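Student: Hi! I'd like to go through this one with you, if you have a minute. Can we start with whatever you think is worth a look?

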Amino acid sequence: MRVWLLAKREFFATFDAPTGYVVLALFPALAATLFFLTGPFFALNEASLRPFFATMPWLLVLLAPAITMSLWAEEKRSGTEELLLTYPFHLRQLVLGKFFGAWAILALALVFSLAVPFTVDALGDLDWGPVGGGYLSVLLLGGASLAVGLFLSSCTDNQIVAWLLGATVLLAFNLVGLAATAASMPPTLGQLFLALDFGNHFQAMTRGVIDIGNIMFYLGVTAFFLVANGVVLERRRWS
Amino acid sequence: MLPKHAGVAEVAAAQPPVVRVAGLKKSYGKVEALRGIDFEVNQGSVLGFLGPNGAGKTTAIKILTGYLAASAGRVEVCGVDVAEEPLEVKRHIGYLAENNPLYLDMRVADFLHFAARAFFLTGRQVQQVVDRAVCCTGLEEVYRRPIGHCSKGFRQRVGLAQALLHDPQLLILDEPTNGLDPLQVVEMRALIRELGRQKTIIITSHVLPEIEALADRVVLLHEGRKVADGPLGGILGQDLAHCLVRVCLRCKPEQLRTVAEEANAVWLEERPQPFAGDDLAAATLEVAGADGLSRIATVAAQAGYPLLELAPQTRSLEYLFQNLKQGEEK
């Protein structure tokens, strides 16, 4: 209930600033543009959304930090962090409240992007099973990306710095798998890099393989960064 | 057991203190912001927390509210240890932070509803307490307005309203008139004075007349240490060996200087004449207690200068601060 109160505040606060509207408009617009205009959809002549979902990790590199950049950084800059931290909330409630508020914004952006599968369905015979799996994957990947962004937002009082850090770290999480393929890479390290690659897990899921390991990976990354976020806040009390 | 006709002050003193601070220390890296302070605040009193900038007032307040953790020492609010049960302590405190941080994009009404729910109020209670706080702080006019569109005075009232929502036992106001214009300062002080009749209040300020106007007891901090604690009158009159006196004689200024020297008084400043006339001289002197005062009267009479004014002055807190600073420089 307490988490819900905070999540609701964060969700509606997004609409008090232009950033929220920009994210909500850009996400579906970019996803549709990349899919229909620059992607191979028409060349494939197939009612498939796999190219659509393939763009999602890259979109999230830009948009997840845009959702989270203000969540702690702005609170710290404006001083409202003190207000929030002197209200009777547990730190975990504050962190989870912000996380779920941000996740709800992402979910809303995904709802707007449903225009794409409905259009494809109108053009051909779309199999909705993989679409559901795809959206679940984006939600999980998005959750992990938001947790990374939220953690980095708690490390600074500058929104732009928070966005840059978030985008850089998420880009690294999406490219780390490429490093694993380098010839000079020791096999153990290569496996570790592959295991950490956001896109690697995501592609497996969008192929329709809902593997518990992939789900646990995203949930684990999310939990790790949310705990790290709590640690940053607690440490600040002692600094 | 209290006597049957015990007064309000006696009843308050008989109850356990609302705030109990013992050996409180806080360091920021190598900088010691608080070096072991102790104080108590009894129920129903208004405590002025005073000190020059950097004295440690805000740090102490932030520890009391649970925002910062203490490096050492013990802080209890309403008998609950802040370090052990911070959430329980926060429920007893209404806090107006320095610079009054608020969500400027939110409407006043939405913000107060959120704050009420943050303090575990639910259902109809929320609207009731919001209405009460809005009425108490005079926010009706801006109730539906985004906070960012409100004047500084109204924002300060919003900050105060959110601190009052849950009817806290302890109200902590950190520089509550900071940045307000003179009229708003008067309004805010009146509001705080009204609240002081019902609640225990800790108010910090470096605007000294504010504390003089509002607090019935003062804790004076300097460089992280408590240097004075007691009723304001007591603190101001602590230095009885050196009291200030306003003097006005019918003589020339240089003759007044001579009188001061002969009476062993310290010349502090020449003052504008308090009465009309060409042959008057006025000054502020520092003398040694009541004997010093009578010596001025005697010397003036012996010299044949009629005495028009000889008035001991209450020491201002500015003087105390000045002394602290001078001590620092030495």
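Tutor: Happy to. Keep in mind that this is a predicted model. Let's begin with B:Glu223, which counts as partly exposed because its relative accessibility is 38%.

Student: Where does B:Glu223 lie in chain B?

Tutor: Look at the loop between strand E9 (217–222) and strand E10 (225–230) of chain B; B:Glu223 lies there.

Student: And what about the phi of B:Glu223?

Tutor: B:Glu223 is not a glycine, yet its phi is positive, about 50°. For context, most residues other than glycine have a negative phi.

Student: Which other residue has a positive phi although it is not a glycine?

Tutor: B:Phe120 is one of them, with a positive phi of about 70°. B:Phe120 sits in the loop between H4 and helix H5 (123–137) of chain B.

Student: Is B:Phe120 buried or partly exposed?

Tutor: B:Phe120 has a relative accessibility of 33%, so it counts as partly exposed.

Student: Let's zoom out. How many helices and strands does chain B have?

Tutor: There are 12 helices and 14 strands in chain B. The chain has 330 residues, and 51% of them count as buried.

Student: What share of the contacts in chain B comes from residues 24 or more positions apart?

Tutor: Taking contacts with a separation of 6 or more, 69% are between residues 24 or more positions apart.

Student: Which domains is chain B divided into?

Tutor: Domain 1 covers 8–236 and domain 2 covers 243–314. The centres of these two domains of chain B, taken over C-alpha atoms, are 44 Å apart.

Student: I was also looking at B:Glu309. Which strand is B:Glu309 found in?

Tutor: Strand E14 of chain B, residues 307–313.

Student: Is B:Glu309 buried or exposed?

Tutor: B:Glu309 is buried, because its relative accessible area is 13%, under the 20% cut-off.

Student: Which side chain does the side chain of B:Glu309 make a polar contact with?

Tutor: That would be the side chain of B:Arg246, at 2.9 Å. Setting aside neighbours within four places in sequence, B:Glu309 is also in contact with residues including B:Val247, B:Cys248, B:Arg271, B:Pro274 and B:Phe275.

Student: Nice. New topic: the interface. How many residues of chain B are in contact with chain A?

Tutor: 28 residues of chain B, and they meet 23 residues of chain A.

Student: What area is buried between the two chains, B and A?

Tutor: About 2500 Å², with carbon and sulfur atoms giving 63% of that. On the chain B side, B:Tyr67, B:Tyr103 and B:Phe114 supply 28% of the area buried against chain A, more than any other three residues.

Student: And how many salt bridges are there between chain B and chain A?

Tutor: The count is 1. In a salt bridge, the side chain of A:Glu82 meets that of B:Lys62, at 3.9 Å from N to O.

Student: Which elements give two or more residues to the side of chain B that touches chain A?

Tutor: Strand E1 (19–28), helix H3 (86–92) and helix H4 (108–118) of chain B. H4(B) has the largest share, with 5 residues.

Student: How do the residues on that side of chain B divide into nonpolar, polar and charged?

Tutor: On the side of chain B that touches chain A, 18 are nonpolar, 4 are polar and 6 are charged.

Conventions:
Residues are numbered from 1 along each chain as its sequence is written. Chains are lettered from A and ligands numbered from 1 in the order in which they are written. This is a predicted model: local features need pLDDT of at least 70, side-chain atom pairs count only at pLDDT 80 or more; totals for chains, interfaces and linings use all residues. Side-chain values use heavy atoms; hydrogens and water are left out. Contact means heavy atoms within 4.5 Å. Buried area is the accessible area (1.4 Å probe) that two parts lose on being put together, summed over both. A salt bridge is a side-chain nitrogen of Lys or Arg within 4 Å of a carboxyl oxygen of Asp or Glu. Helices (H or I, at least four residues) and strands (E, at least two) are DSSP runs, numbered from the N terminus. Ala, Val, Leu, Ile, Met, Phe, Trp, Tyr, Cys and Pro count as nonpolar, Asp, Glu, Lys and Arg as charged, and the others, Gly among them, as polar. Buried means under 20% relative accessible area, exposed over 50%, partly exposed in between (1.4 Å probe, protein chains only). Domain bounds come from an automatic or database domain assignment. A polar contact is a pair of N or O atoms within 3.5 Å; within protein, one must be able to donate a hydrogen and the other to accept it, and residues adjacent in sequence count only if both atoms are side-chain atoms.
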